Amino acid sequence: MAQNIKDKEIYILFADFDVEIGGVGSTVLGRASSLAEKGYDITLLNVTPVQNFDYTLEYFRNKNELSKKVKFINLYQYYARKNNPQNLTKKAAVKDEEAERIVNPDQSVVYNYYSSDELVKSETYIDDCLVLSECGKNSDFYTKDGFNYLQKRGWQYRLINRDDSSEMEFKSNKNLLYHFMREVCFSKKMPIIVCDSTKHWYNIDGIDLNEAYKIASMHGNPYDNGKVSPKVNHLKHLDEFDVLVLLTNEVSRDLSREFDKSKFRVIPNFADDEFLKDLNVEKDQNKISIFSRISPEKQMSDAIRAFKIVSEQNDDAHLDIYGRALVEAEKEEYEKLKALVGELDLENRVNFMGYIPDVRAEMQKSLCTLLTSKHEGLPLMLLESMASSTPVIAYDLKYGPDDLIDNGADGIIVKKNDIDELAGAMSRMLENPDDAIKMGVKAKDKIRKDFSIESVSRKWEELFEEVVANRNSNSFLSKIKSIFK
């Protein structure tokens, strides 16, 4: 059966592809790479708006985080290249010298134009060529020689063919996505389409089950104030998928109370093999760390307040925070946290280390790490820390800690939002570093056994085989029933 699956094209649809990629994106790249190296025909389909994808692809391939066997197609890059002339002459860029200039990590450059401190227009350049102009809710997308191949006006899109000047209009980005998928996904009959998304709005209901095998994958927490969020479209469209992949047994149990559990399969995230390697760095028995983007839902203020209690009992302990503050909400949270650190007189004890591309050494060096989020799907940081022989002190949040941590054996779970209990757990680690190190060894053994890339990719292989076999079996039964009608 495995060889039959390897004859099929597998497309993985995902968002948010950039150099400072988040946990979900890293998971998608790692899974795709593992399957491609095993001989599966894997194509990543991406809908991130225009950026320097050539640079980003090379960045991840050079870091061995994306196999060269994985194909990559971005919606915007696809139509830009489709409308490039054979002998492309790049159009010289004209920019206002007074505009705000921002160089992105992927080496694309954004120029922001303001009037009375209000942003009125934003332009993106790659290789000194204008590729995107945004003004309010309107956007224009250009090839590098200046052809306007795609226009967005409000929610509507107009796609223009350079060869014959024909135009196609789409009522939404979703309709544009379906058109794009129909162009690129059906060179062979019945491809497998995996729908990965942090925002869960790609329900791909525009592709029928009689055209493709459809697998949805849900990374985040589907609940909002105790109820399933209306934004989680995967759950509204369960009948339009073969299966929905969930990350934890706990979320599967919760959702099974309201939805058809026969559609659910649990396949966790994994820790990359690089985290299981021993870098031979010595544990800093005073170092407690957080590895996360700086965002309000991560509740780092709780960690800082708890550390204030710890610092009064331990003169040498320090809290190091690693993570980006890139988008506006993250920047705002960063400023609030810095102010809190000053207010608590912790400037020399709490350190904001910023984003670092390789966290392995700092993770292995830490005595323990903290997870204080309001909610998660299955945080990659939890897996990576445990793989690094570093136990995690985690809130009893949904979801992740309950599936991974054996409380008191390979990590500690504390009551959610209980700052005193969080402080107490940190103090125990600092006062008993040998016990913390033993916890870390057990944590690493667990990850190697059940949450390695090999273990998880094997579960995806089994899922592909199951989905195809079930569909073939149902088709066979339908034919038998029609014969004996």
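Reader: Where does Y399 lie?

Author: Y399 lies in the loop between β22 (392-395) and α13 (401-404), where helices (H or I, at least four residues) and strands (E, at least two) are DSSP runs numbered from the N terminus. The model is a predicted one, so that local features need pLDDT of at least 70 and side-chain atom pairs count only at pLDDT 80 or more, whereas totals for chains, interfaces and linings use all residues. Residues are numbered from 1 along each chain as its sequence is written, and side-chain values use heavy atoms, with hydrogens and water left out.

Reader: OK, and which peptide bond there is cis?

Author: The bond from K398 to Y399 is cis, and its omega is near 10°.

Reader: What about phi, say at Q107 and N225?

Author: Both take a positive phi although neither is glycine, with Q107 near 75° and N225 near 55°. Q107 belongs to the loop between β4 (100-103) and β5 (109-115), while N225 sits in the loop between β14 (223-224) and β15 (227-228).

Reader: And are those two buried or exposed?

Author: Q107 is partly exposed, at 43% relative accessible area, and N225 counts as exposed at 77%. Here buried means under 20% relative accessible area, exposed means over 50%, and partly exposed is in between (1.4 Å probe, protein chains only).

Reader: Switching to helices: how many residues of α12 are buried?

Author: Eight of the eight residues of helix α12 (residues 380-387) are buried, so this helix is largely enclosed by the rest of the structure.

Reader: What comes just after α12?

Author: Just after α12 comes S389, and its phi is positive, about 65°.

Reader: At what angle do α14 and α15 pack?

Author: Helix α14 (residues 419-431) and helix α15 (residues 433-450) pack at about 100°, with their axes 5 Å apart, which makes α14 roughly perpendicular to α15. The axes are lines fitted to C-alpha atoms, for helices over the stretch in contact, and the angles run from 0 to 180 degrees between N-to-C directions. Angles under 35 degrees count as roughly parallel, over 145 as roughly antiparallel, 65 to 115 as roughly perpendicular and the rest as oblique.

Reader: Which residues meet there?

Author: From α14 there are M429, L430 and E431, and they meet P433, A436 and M439 of α15, where contact means heavy atoms within 4.5 Å.

Reader: And how do α9 and α10 cross?

Author: The axes of helix α9 (residues 300-311) and helix α10 (residues 328-343) come within 10 Å and cross at roughly 10°, which makes α9 roughly parallel to α10. On the α9 side M300, S301, I304 and R305 take part, and on the α10 side L337, L340 and V341.

Reader: Now the rings, please: how many aromatic pairs are there?

Author: Rings of Phe, Tyr and Trp (its six-membered ring) pair if their centres lie within 6.5 Å, and planes under 30 degrees apart count as stacked, over 60 as edge-to-face and the rest as tilted. By this rule there are 16 aromatic pairs. One of them is Y40 with F464, whose ring centres are 6.4 Å apart and whose planes stand at 55°, so the pair is tilted.

Reader: Where in the chain do Y40 and F464 lie?

Author: Y40 is in the loop between α2 (23-37) and β2 (41-46) and F464 is in helix α16 (residues 453-483), so the pair ties together parts that are 424 residues apart in sequence. Y40 and F464 are both buried.

Reader: What about F53 and F72?

Author: Their ring centres are 5.9 Å apart and their planes stand at 40°, so this pair is tilted. It links distant parts of the chain, with F53 in helix α3 (residues 53-62) and F72 in strand β3 (residues 71-74), 19 residues apart. F53 counts as buried at 2% relative accessibility, and F72 is buried as well, at 13%.

Reader: Which residues do ring pairs link into a cluster?

Author: The cluster consists of F14, F17, F53, Y59, F60 and F72.
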